[in-house]
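Here's a quick briefing on a few spots worth a look.

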Amino acid sequence: MSYSLSSFNSPYFQLEQVADGIYAALAKGGAGAWGNAGIVDLGGQTLVFDTFNTPQAALGLRTVAEQLTGRKVTYVINSHHHSDHIWGNQAFEDATIYATDNTFDLMRTKGVARLERMRSQPIPLQSLEAALELEQDPEQRKDLELYINEMRQVTMALPNLTLRLPDVTFEHRLAFAGSKRTAVLLTFGGGHSPSDAFLYFPEESLAFMSDIVQIGFHPAMGDGNPDEWLRILARIEALQLTTIVPGHGLIGTGQAVGVMGQYIQLLQQMAYAAPSLDELLAVEPPAFCASWQARPVFKENLQFLYNLTHNL
Ligand SMILES: [Zn+2]
C-alpha cells in the first residue's frame, strides 16, 4: 500500500511512500517532470532514481529528497537515455550518477546530439497550438495539451540545460547498501530502449521499473526491441514483485508486468496479420488499453512493428 505525503506538495510531482524510506515521485503531466522518479533513504545515504525532464523539476525533486532524508543526495541513477529521465541531472551536481555502460554511451553520443539539435531548432509551439485548435477528440486534446505544456517547460529550460553525464557505469548489477536497506540496480538488457535499468528492493518485493513497465500509458516501442522487451518482462515476472513504480503512470502491482507483455504481444500480432499499413493504422486500441494516455504512441507503435515484421 502507498500513501501520499501531502505536506511535500510540488508543482512537478506527487510524492507517495511505497515502503519504509522509499518514495515515488509521480510526475504531474505538462509540468516539466514527465517521467516518474524515486527517492530512497538507504540509511546514511540518499539515492534518487531518474531526474525528470528538466532541471527545474529536478531541483524540486532534490529539495524534497533533502527534506525527507535530512541529508544531501549522494547517488543518482539514470535508468535509460531518454530525456524525460535524465535532463534534470545537472540539479545533482555533487552526487555521483550511475548508468549502464550502454546508456552512458548513448547519452554521450545520441543524447548530446539531440540536445544540440533541440537547441538549434526551437520547439514549434505555435504549430502545436494550431493543431490543438483543430483537434476535436477530447482524449487527443488532453494528450496534446499536456504535451504543449511540457514543451513550454522544456523551452524554458533549454538555454541553461547541460547534459551532465554519468560518473560510474555498470554492466549487469550494482548494489547500494545503506545502514537501513539495500537497493539493487539491475539491467536485463534493452527492450524499451537499447539499455534499460531498474531498481529492485528484494526485501520489499518492490521495484522502480522506469519505462520497461508503464501503467495506463501506451509505452513507446520505436527505440527498442519488442522481442527483447518480452524476454526482459519474463525475467522480471520471475521476481514476483508486489509493488511497481512505473516509468509513467500510477503505482501498481506485479500484475502490470503481465499487462505490458500482453500489450506488446497483441500489437505484434496485429502488425503481423495486417493486410496493409493503412488498414492497421485505422484500428482503434483494444478494450484493455482504450483509456490509456499517450494515445498517439499506439499508432506509432503499430507503424514501427509493421515495418519491423515486414522488413521495411
Ligand atoms: Zn523511455
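**Helix α3 against helix α4**

In α3, the residues Leu125, Leu128, Glu129, Ala131, Leu132 and Glu133 meet Arg141, Leu144, Glu145, Tyr147, Ile148, Met151, Arg152 and Thr155 of α4, where contact means heavy atoms within 4.5 Å. By class, that contact has eight nonpolar, one polar and five charged residues; Ala, Val, Leu, Ile, Met, Phe, Trp, Tyr, Cys and Pro count as nonpolar, Asp, Glu, Lys and Arg as charged, and the others, Gly among them, as polar. Bear in mind that this is a predicted model, with local features needing pLDDT of at least 70, side-chain atom pairs counting only at pLDDT 80 or more, and totals for chains, interfaces and linings using all residues. Residues are numbered from 1 along each chain as its sequence is written, and side-chain values use heavy atoms, leaving out hydrogens and water.

- Helix α3 (residues 125–134) and helix α4 (residues 138–157) pack at about 165 degrees with their axes 10 Å apart; axes are lines fitted to C-alpha atoms over the stretch in contact, and angles run from 0 to 180 degrees between N-to-C directions.
- That makes α3 and α4 roughly antiparallel (over 145 degrees).
- Helices here are DSSP runs of H or I with at least four residues, strands are E runs of at least two, and both are numbered from the N terminus.

**Helix α6 against helix α8**

- The axes of α6 and α8 (residues 295–309) come within 8 Å and cross at roughly 60 degrees.
- On the α6 side the contact is made by Tyr263, Leu267, Gln268, Met270, Ala271 and Tyr272, and on the α8 side by Phe298, Asn301, Leu302, Leu305, Tyr306 and Thr309.
- These residues divide into nine nonpolar, three polar and no charged.

**His248**

- You'll find His248 in the loop between β13 (243–246) and α6 (255–273).
- His248 is buried, at 9% relative accessible area (buried means under 20%, with a 1.4 Å probe and protein chains only).

**Ala19**

- Ala19, in strand β2 (residues 13–19), counts as buried at 19% relative accessibility.
- Leaving out residues up to four places away in sequence, Ala19 touches Glu204 and Leu206.

Terms used. Buried < 20%, exposed > 50% of the residue type's maximum accessible area, 1.4 Å probe, protein only. Parallel < 35°, antiparallel > 145°, perpendicular 65-115°, else oblique.
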